Structures are given as C-alpha cells and as structure tokens.
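Work through the exercises below with the coordinates at hand. Each task is followed by a stepwise solution.

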Amino acid sequence: MSWTPFVRVRRGAAFTVLEVLITLALIGLLSAFLVGGVTSLLREKPVTGEEVLRIAIARSRRYAVENLREVRLTYTSREKTFKASSIDGIRSFPVDFRGELSIDFMPQQKADSILLGGEALEIGALPFIVFYPDGGCTPFRAQIRTGGPVRTIAIDPWTCAPMLEEKEK
C-alpha cells in the first residue's frame, strides 16, 4: 500500500512575491499621480472675496493679540490693499485677487441703502475696524462686491469670525 497525502498542493494558485511587489508599486504610482493632480487643482482654485477678508481679519487679529496693541484695519479698493495701523506703524499687505474686489465695513445694524446697478448697496460705511488686544473687534458687517451679486457677512465681535446666516423661511 502506498501512502498518499490528504492535501494536494496546486501549483499556480498563489501569488508570488514578485507579483505582490509589482502590484504594490503600481498602486503607489497611481496614488502619487492622483495626489499630485489634486494638489495642483487646489492650488489653482480661485480665491474668493470672503477668503481674502478672512485672511486679513486673521492677520490683524493675531497682530493685535501678540503685540498687545489696538490695530485699525482699512481696505483700499483701488489699490487692492489692506492696511493695518497701530502705534508701531502701518503694515500693508496687497490682495492677490483677479478681477474687481470691493470690501466695505458696515455697522452691525443695517443702515440706509441705495439702488446701484440693480443691487441694493448700503451707505454709511465705517472708515476702519479695530482689533483689540483681548482678541475682540469692532462689531461690523462686511459688504463684498466681486463683480457678481453683493454679499454681506456679519462678523462676531468676540471671535472676529463670520456669523452663521439664518435661512429665510
């Protein structure tokens, strides 16, 4: 009587180490191309007026808190430049925005408005907003025009962050 094993070994039913390594290398290559493509798309994304304002607010607020100084922020539409002034002097930083950009600082409470080009624009803009050393700021709203519809954003005076908008019923 001859002895036969109960388990038969099939040849070619498993992956070799070389096949596994080649597969992993291909997955790595494809993921590298995907990540590179996505990051280039994100870099080329146009900056919005809201993002420009958010960055300017964050810079001014940080400067006021770190240096324990009041900082006044203004925006010049013609030059597309924010200017932050304090006792130490004036720091200006230009805005990298393609196209028309106008930002007006408005009082917290809605003021009178005029109709200009089919858009209701508020009048009575604040000449500047102030950031305090404790991290707060002047209560204000920002009126942003970028060539499209006018957008108004209310800013929380305690956090200097945009406030959530209530949905109309």
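**Exercise 1.** How many residues has the largest nonpolar core, and which have the most contacts inside it?

Solution. The model is predicted: local features need pLDDT of at least 70 and side-chain atom pairs pLDDT 80 or more, while totals for chains, interfaces and linings use all residues. Residues are numbered from 1 along each chain as its sequence is written, and side-chain values use heavy atoms, without hydrogens and water.

Step 1. Take buried (under 20% relative accessible area, 1.4 Å probe, protein chains only) Ala, Val, Leu, Ile, Met, Phe, Trp, Tyr and Cys residues, joined through side-chain atoms within 4.5 Å.

Step 2. The largest such set has 26 residues, and Leu73, Phe82, Leu101, Ile103, Phe105, Phe131 and Phe140 have the most contacts inside it.

Step 3. Assign the DSSP runs (helices H or I, at least four residues; strands E, at least two; numbered from the N terminus). Elements that each supply at least two core residues include helix H2 (49-67), strand E1 (71-76) and strand E8 (140-145). H2 gives the most, six residues.

**Exercise 2.** List contacts of Phe131 beyond its neighbours within four places in sequence.

Solution. With contact as heavy atoms within 4.5 Å, the partners of Phe131 include Ile57, Ala64, Leu73, Cys137 and Cys160.

Definitions and conventions: Buried means under 20% relative accessible area, exposed over 50%, partly exposed in between (1.4 Å probe, protein chains only).
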